[in-house]
Amino acid sequence: MSDPAGMAPFVSDVATPRVRFGAGELACIGDEVDRLAAKRVLVISTRSAADAVDAVTPRLGQRLVEQIRGVAMHVPVEVVADAQQRAEGSGADLLLCIGGGSAIGLAKALALNMKLPIVAVPTTYAGSEMTDIWGRSEGDTKVTGRDRAVLPRVVVYDPLLTLDFPPELSATSGMNALAHCVEALYSPSATPVTSMYAHESIEALCSSLPRVIVDPHNVHYREGALFGACLAGWALNATTMGLHHKLCHVLGGFGLPHAGVHSVLLPYVVAWVSSAAPQVTEQLSVRHFAGTPPWLGLWELGRRLGTPSALTSVGYRADLEDEVVRHVLASPPESPRVITESAVRAILSDASVGAEPAAQA
Ligand code: NAD
């Protein structure tokens, strides 16, 4: 809905992959590889996507030259080095990744170094397949960057592949997707177009995720959640993320699980940022949470989905606090509200015990 006070000028310049979406679309994978004129395919997959890989590989025939089955969270540099050796040894001219953000992340790390095209088949809701953002970790530090070379050329969304995605992982992964949308709305680089995608995604996720948890094998609910994830990835790619994603990346560097951390932190960061962008806060509240403040709406959604409520339950220890604060303040993200040491400490302290979030003046 346009603002009666008028719309500020904006620029929209977003590169996106070709997207195929729908139950059974995995069957088209051979055609998509042919469209890219690829002759030597390296398949990278998460172990839990074994069934999907088994369905895909016969369709590749002679074009399948190498497979990496099993990936690691946060793309460790040693894993990249090993995968690159195998990619070079096989003479691969296309990377086909099947799985969540970890499989897609490894393909992106290779694409960054080797300039190979990616075809992505996501099986979680993390959204990496829609972005030009790469990441890799070395020791306890995770580095991220942006490069068009890592944006997949084609993404095939097939909800049938997500039917066995466990409900507890579906819930945290869905909260990860919601976090992209919420930070896209609060982002200083938001435009009416990015906000439209973000709101549409939140609507799809909020209505599908609770149903997915109750009836995980229902393909229509899975379709809704995957569609929300696709739009969330689009919104992530088209904007810059704020304190929430920064904290998740820093904590990821310490080995905490990505989606679990997103699920816990999101309501606390929203409670902190909300006063700096009251219009966004109001829209979130009215459009998605029946007038409840969005930090409480998100917190209650998490309780409904059964996601972890305290950072300590996903491996956080109080002795990490100083290091986390140091990393965040060393390169703070763009944010509508000035990021201070006391704000970061307050968020970590409340989130570590799972206290009910409250707006921070
Ligand atoms: P993941 O890929 O590690 O998957 C999470 C878990 O789900 C794994 O145990 C995996 O085996 C399992 N799984 C995946 N698909 C399954 C399926 N269909 N059925 C059963 N189990 C399944 O994690 P993720 O949450 O998808 O992604 C997180 C990673 O992606 C992090 O490293 C994060 O930084 C990165 N990420 C990057 C971007 C980006 O734009 N670059 C965006 C979001 C996330």
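Reply: A disulfide is a covalent bond between the sulfur atoms of two cysteines. Here, a disulfide is counted when two cysteine sulfur atoms lie within 2.5 Å. The model is a predicted one.

Me: How many disulfides does the structure hold?

Reply: The cut-off for a pair of cysteine sulfur atoms is 2.5 Å. With that rule, the number of disulfides in the structure is 0.

Me: Which cysteine has the sulfur closest to that of Cys-230?

Reply: Cys-230 counts as buried, at 8% relative accessibility. Its sulfur is 11 Å from the closest cysteine sulfur, which is too far for a bond; that sulfur is in Cys-181.

Me: What area is buried between domain 1 and domain 2?

Reply: The domain assignment gives domain 1 as 18-162 and domain 2 as 167-353. Their centres, taken over C-alpha atoms, are 25 Å apart. In contact are 24 residues of domain 1 and 29 residues of domain 2. Carbon and sulfur atoms give 65% of the buried area, which is about 2200 Å².

Me: Which strand gives the most to the side of domain 1 that touches domain 2?

Reply: Across this interface the rule finds 0 salt bridges, but 9 residue pairs in polar contact. On the domain 1 side, the element that gives the most has 4 residues there; this element, residues 141-146, is strand β7.

Notes: Residues are numbered from 1 along each chain as its sequence is written. This is a predicted model: local features need pLDDT of at least 70, side-chain atom pairs count only at pLDDT 80 or more; totals for chains, interfaces and linings use all residues. Side-chain values use heavy atoms; hydrogens and water are left out. Buried means under 20% relative accessible area, exposed over 50%, partly exposed in between (1.4 Å probe, protein chains only). Domain bounds come from an automatic or database domain assignment. Contact means heavy atoms within 4.5 Å. Buried area is the accessible area (1.4 Å probe) that two parts lose on being put together, summed over both. A salt bridge is a side-chain nitrogen of Lys or Arg within 4 Å of a carboxyl oxygen of Asp or Glu. A polar contact is a pair of N or O atoms within 3.5 Å; within protein, one must be able to donate a hydrogen and the other to accept it, and residues adjacent in sequence count only if both atoms are side-chain atoms. Helices (H or I, at least four residues) and strands (E, at least two) are DSSP runs, numbered from the N terminus.
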